[in-house]
Amino acid sequence: MAKINKESSEPKANVAEALSKTELFFENNKKTIGYVAVGIIVLAALIYAWYSFLYLPKQKEAVNQTYVAERYFRMDSFNLALNGDGNSLGFAQIIDNYGSKAGSAVYFNAGICCLRLGDNDKAIEYLKKYSTKDNIMKARTKAAIGDATVNKGDVKAAVSMFEEAAQISNNIFSAGYLLKAGICYEELGQFDKALSCYNKIKNEFPNSPEGMEIQKYISRAEASIK
């Protein structure tokens, strides 16, 4: 019985010893601990002040700057949307001045503007910086990069982008991306792969605008294979 009492008292002694060491540590380092605590409080206050009085106002200003550019974009006035009208900033200037504070969509809009204006390298640069969780927009962005890549003459690199866009979207918009992929395959002389894209449109998206006219593409690819 005495043995049991002895063993059960050892954990209590260890706990008491640990507590004593902890108290001793705090006693010996209370100044340092105090400085660290004050430093954390000051840092938190600085971060709050920066976020509240610098970041948020700058973000609001950035968003406000996009309204005119977006209006031009909806009007297909891509040069004014990208470069501004002399009074209001365009997407390129908004990105230079504010970065992503105006929202990730400015990169997509700037990329599409550049694509429509023939600046394919800049279009790709902007589009690659665009980020979204929406699969429809992800697919549209990937396809737009594919369009710019085709315009640069690299059809081989573009075709995989169109197919990837079709997989991401996985809806009626996929038909348009598959059609572009098929046309690219035809340009590359890979008519069997082109036919595969066209048949997928016919079987999976027959009610899409592309699906209603896909038979002529199928016939063309089949004739080329024969």
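What is the accessible surface of the protein chain, and how much of it belongs to carbon and sulfur atoms? In this predicted model, the accessible surface comes to about 14200 Å², and carbon and sulfur atoms contribute 55% of that area. The chain has 226 residues, of which 33% are buried.

The secondary structure is made up of eleven helices and zero strands. Read from the N terminus, the order of elements is accordingly α-α-α-α-α-α-α-α-α-α-α. Among contacts in the chain with a separation of 6 or more, 44% are between residues 24 or more positions apart.

Two helix pairs towards the end of the element order were examined. Helix H9 covers residues 174-187, and its axis comes within 7 Å of the axis of H10, with a crossing angle of roughly 165°. An angle over 145° counts as roughly antiparallel, and H9 and H10 are therefore roughly antiparallel to each other. The crossing of H9 past H10 is left-handed. On the H9 side, the contact is formed by Ala175, Leu178, Leu179, Ala181, Gly182, Ile183, Tyr185 and Glu186. The H10 side supplies Phe191, Lys193, Ala194, Cys197, Tyr198, Lys200 and Ile201. By class, the residues of the H9 contact with H10 comprise eleven nonpolar, one polar and three charged.

Helix H10 (residues 191-204) also packs against helix H11 (residues 214-225), at an angle of about 155° and with the axes 9 Å apart. This angle makes H10 roughly antiparallel to H11. H10 passes H11 in a left-handed crossing. From H10, the residues in contact are Phe191, Asp192, Leu195, Tyr198, Asn199, Ile201 and Lys202. Their counterparts in H11 are Ile214, Gln215, Tyr217, Ile218, Arg220, Ala221, Glu222, Ser224 and Ile225. The contact of H10 with H11 divides into nine nonpolar, three polar and four charged residues. Phe191, Tyr198 and Ile201 of H10 take part in the contact with H11 and are also listed in the contact with H9.

Thr149 is located in helix H7, which spans residues 135-151. Its relative accessibility is 7%, so Thr149 counts as buried, the cut-off being under 20%. Apart from neighbours within four places in sequence, Thr149 is in contact with Ile124, Asp154, Ala157, Ala158 and Met161.

Technical notes:
Residues are numbered from 1 along each chain as its sequence is written. This is a predicted model: local features need pLDDT of at least 70, side-chain atom pairs count only at pLDDT 80 or more; totals for chains, interfaces and linings use all residues. Side-chain values use heavy atoms; hydrogens and water are left out. Helices (H or I, at least four residues) and strands (E, at least two) are DSSP runs, numbered from the N terminus. Buried means under 20% relative accessible area, exposed over 50%, partly exposed in between (1.4 Å probe, protein chains only). Contact means heavy atoms within 4.5 Å. Accessible areas come from the Shrake-Rupley method with a 1.4 Å probe; for residues, only the protein chains shown count as cover. Axes are lines fitted to C-alpha atoms, for helices over the stretch in contact, and angles run from 0 to 180 degrees between N-to-C directions. Angles under 35 degrees count as roughly parallel, over 145 as roughly antiparallel, 65 to 115 as roughly perpendicular and the rest as oblique. A crossing is left-handed if the near helix is turned anticlockwise from the far one by less than a right angle, and right-handed if clockwise. Ala, Val, Leu, Ile, Met, Phe, Trp, Tyr, Cys and Pro count as nonpolar, Asp, Glu, Lys and Arg as charged, and the others, Gly among them, as polar.
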